[in-house]
Amino acid sequence: MEYNGASIQLIGVNDPAFSREGDYLAETILETALSQIQIEVREGYTILLAHRPEHFRVYRDKNIDLVLSGHAHGGQFRLPFIGGVIAPDQGFFPEYDAETYTEQNTTMIVSRGLGNSIIPVRINNRPEIVIIELDRLQT
């Protein structure tokens with residue numbers, strides 16, 4: 001697809017949740033899935049829809065430009081100046097709970113989302129819908 005004269009590729013991968021063998025196998029499944037997707041637009045911009053932010057290293061290593069993620073529910077409970085307290089598959093004080101993270105040429109936006117996790121209560125953690133505006137892309 002093109003936007004403002006720049007090529008954009010939107011891709012997605014299945015959630016590797018079916019693998020209960022541990023993080024290593026889940027990351028291997030993601031790496032394989034991303035390798036099988038033919039990323040045609042190397043000189044353009046690639047956006048990945050990925051459920052799990054805890055695999056940011058995999059997305060970064062595959063040179064994805066923008067990752068849109070969730071799953072952490074903002075850390076369910078948030079402490080001022082500290083952030084999220086607990087997130088699914090990241091445990092206590094998750095590294096990727098909400099906000100924007102950038103490493104090398106990859107940016108990941110993690111939404112707090114609208115729903116709750118196992119605990120149906122949010123503390124200091126308002127639900128959110130993230131709106132992203134693509135501006136003129138530099139190639």
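Visitor: Leaving aside its neighbours within four places in sequence, which residues is Ser 111 in contact with?
Guide: Welcome! Keep in mind that this is a predicted model. Ser 111, in the segment after β10, is in contact with Ser 69, Gly 70, Glu 128 and Val 130 once neighbours within four places are set aside.

Visitor: Why is Ser 111 called buried?
Guide: Its relative accessibility is 16%. Buried means under 20%, so Ser 111 counts as buried.

Visitor: Let us turn to charged pairs. Why is the pair of Asp 89 and Arg 52 called a salt bridge?
Guide: The closest N and O atoms of Asp 89 and Arg 52 are 2.3 Å apart. The rule asks for a side-chain nitrogen of Lys or Arg within 4 Å of a carboxyl oxygen of Asp or Glu, so this pair qualifies. Asp 89 sits in the loop between β7 and β8, and Arg 52 in the loop between β3 and α2, so the bridge ties together parts that are 37 residues apart in sequence.

Visitor: Are these two partners buried or exposed, or something in between?
Guide: Arg 52, at 8% relative accessibility, is buried. Asp 89 has 43%; that falls between the 20% and 50% limits, so Asp 89 is partly exposed.

Visitor: Which salt bridge do Arg 52 and Glu 54 form, and how do you know?
Guide: Their side chains meet with N and O 3.3 Å apart, which is within the 4 Å limit. Both Glu 54 and Arg 52 are buried.

Visitor: Where do Arg 57 and Asp 61 lie, and what makes them a salt bridge?
Guide: Both are in helix α2, four residues apart, or about one turn of the helix. Arg 57 is partly exposed at 36%, and Asp 61 is partly exposed at 40%. Through shared partners, salt bridges join Arg 57, Arg 60, Asp 61 and Glu 103 into one network. By this rule, the count comes to seven salt bridges.

Visitor: How do you know that β3 and β4 pair?
Guide: Three bridges join these parallel strands, and pairing takes at least two, so they pass. Together, β3, α2 and β4 make a right-handed β-α-β unit.

Visitor: What makes β4 and β10 a pair as well?
Guide: They run parallel and share four bridges, where at least two are needed. Val 67 has Met 108 as its bridge partner in β10.

Visitor: Which residues touch the most other members of the largest nonpolar core?
Guide: Of its 15 residues, those are Leu 34, Leu 48, Phe 56, Tyr 59, Val 67, Tyr 101 and Met 108. The elements giving two or more residues are α1, α2 and β10, and α2 gives the most, with three. Beyond its sequence neighbours within four places, Leu 48 is in contact with residues including Ile 11, Val 13, Leu 34, Tyr 59 and Val 67.

Terms used: Residues numbered from 1 in each chain as written. Predicted model: local features only at pLDDT ≥ 70, side-chain atom pairs only at ≥ 80, totals over all residues. Heavy atoms only, no water. Buried < 20%, exposed > 50% of the residue type's maximum accessible area, 1.4 Å probe, protein only. Right-handed = clockwise from strand over helix to strand, strands pointing away. Core = buried A, V, L, I, M, F, W, Y, C linked by side-chain atoms within 4.5 Å. Contact = heavy atoms within 4.5 Å.
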